[in-house]
Amino acid sequence: MGPVTESELREFVIRTLAPTSTAGAEKVVEEFVVGDQGRIDIAVISDRLTGFELKSDLDTLTRLPRQMHVYSQVFDFCTLVVTQRHLEPARQMLDPAWGLAVVRRNSAMELTYRPVRKARPAKGIDKFSLASLLWRDETLRALDALSLASGLRSQARDVLWARLAEVTTHAELRAIVTQALTARQGWRDVTALRAGVETYQSSGVSSRFLARRLTPQYR
């Protein structure tokens, strides 16, 4: 049997796992950008943030330690999905809070999924990193809602993010961020993916904080 490729693994997880892995899921976004530090393969956005990092047969685990550090600062739950060849090394390397699953190709040449370890809530959420998922106008609107935007409208994004992180609890900030992300246009929502319907509204914007690619079309 041939190797499980990145595109196969990504399609399988998006179609089969991600939409049903978070209760009340609203958006499934591919290659979700986390600040300047990286992008996780799949983000499921609802009233919490759930991330899936994928390692196909053609990948290595070299970048995994850094990826775990970066993504654990933002996502409430993270799961590493690997192919069989990475399973044992991943067990040794994985952060204790991260979930682990393995994908194999069976004798019928179909991919199968087996949970190995359930993800636990992340304990290292960094509020500034979480705030930096917002666009500048989203951050200003949040500060406006708190009557704290005065004197900040001309400030750089870093200043706005720092202020928002300072004046909110983690729970409050997570609600602000997830509401802003689910309201953005240009990302397909999970109900369309479940139904196999290829529909979305273009946002007409381009940003390093928007996913580099929309979820691909499935036939």
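Reply: Start with one cut-off: a residue is called buried when its relative accessible area is under 20%. The model is predicted. Under that cut-off, helix α5, residues 136-145, has these buried residues: E138, T139, L140, A142 and L143.

Me: Which residue follows α5, and what is its phi?

Reply: S147 follows α5. Its phi is positive, near 60 degrees.

Me: Why does K55 count as buried?

Reply: Its relative accessibility is 2%. The cut-off is under 20%. K55 therefore counts as buried.

Me: Where is K55 placed, and what does K55 touch?

Reply: K55 lies in strand β3, residues 49-55. Leaving out residues up to four places away in sequence, K55 touches L9, T60, L61, R63, Q67, L80, V81, V82, T83 and H86.

Me: What makes β5 and β6 a pair?

Reply: Pairing needs at least two bridges between the strands. β5 (residues 99-105) and β6 are joined by 6 bridges.

Me: Which residue of β6 is the bridge partner of R104?

Reply: T112 is the bridge partner of R104.

Me: In what order do the strands of the open sheet run, and what is the pairing?

Reply: The order is β1-β2-β3-β4-β5-β6, and the pairing is mixed.

Me: Why do β1 and β6 stand at the edges?

Reply: β1 (27-34) and β6 (111-117) each have a single partner strand. One side of each is therefore left without a neighbour in the sheet.

Me: What is the average twist from one strand to the next?

Reply: The twist averages 30 degrees.

Me: How many helices and strands does the chain have, and how do they run?

Reply: The chain has 8 helices and 6 strands. From the N terminus on, the elements run α-β-β-β-α-β-α-β-β-α-α-α-α-α.

Me: What share of the chain counts as buried, and how much area does the chain expose?

Reply: Of the 219 residues, 48% count as buried. The chain exposes about 10,800 Å², and carbon and sulfur atoms supply 49% of that area.

Me: What share of the contacts with a separation of 6 or more comes from residues 24 or more positions apart?

Reply: Such residues account for 60% of those contacts.

Technical notes
Residues numbered from 1 in each chain as written. Predicted model: local features only at pLDDT ≥ 70, side-chain atom pairs only at ≥ 80, totals over all residues. Heavy atoms only, no water. Buried < 20%, exposed > 50% of the residue type's maximum accessible area, 1.4 Å probe, protein only. Helix = DSSP H or I, 4+ residues; strand = E, 2+ residues; numbered from the N terminus. Axes fitted to C-alpha atoms, helices over the stretch in contact; angles between N-to-C directions. Contact = heavy atoms within 4.5 Å. Areas by Shrake-Rupley, 256 points an atom, 1.4 Å probe, with all protein chains shown as cover.
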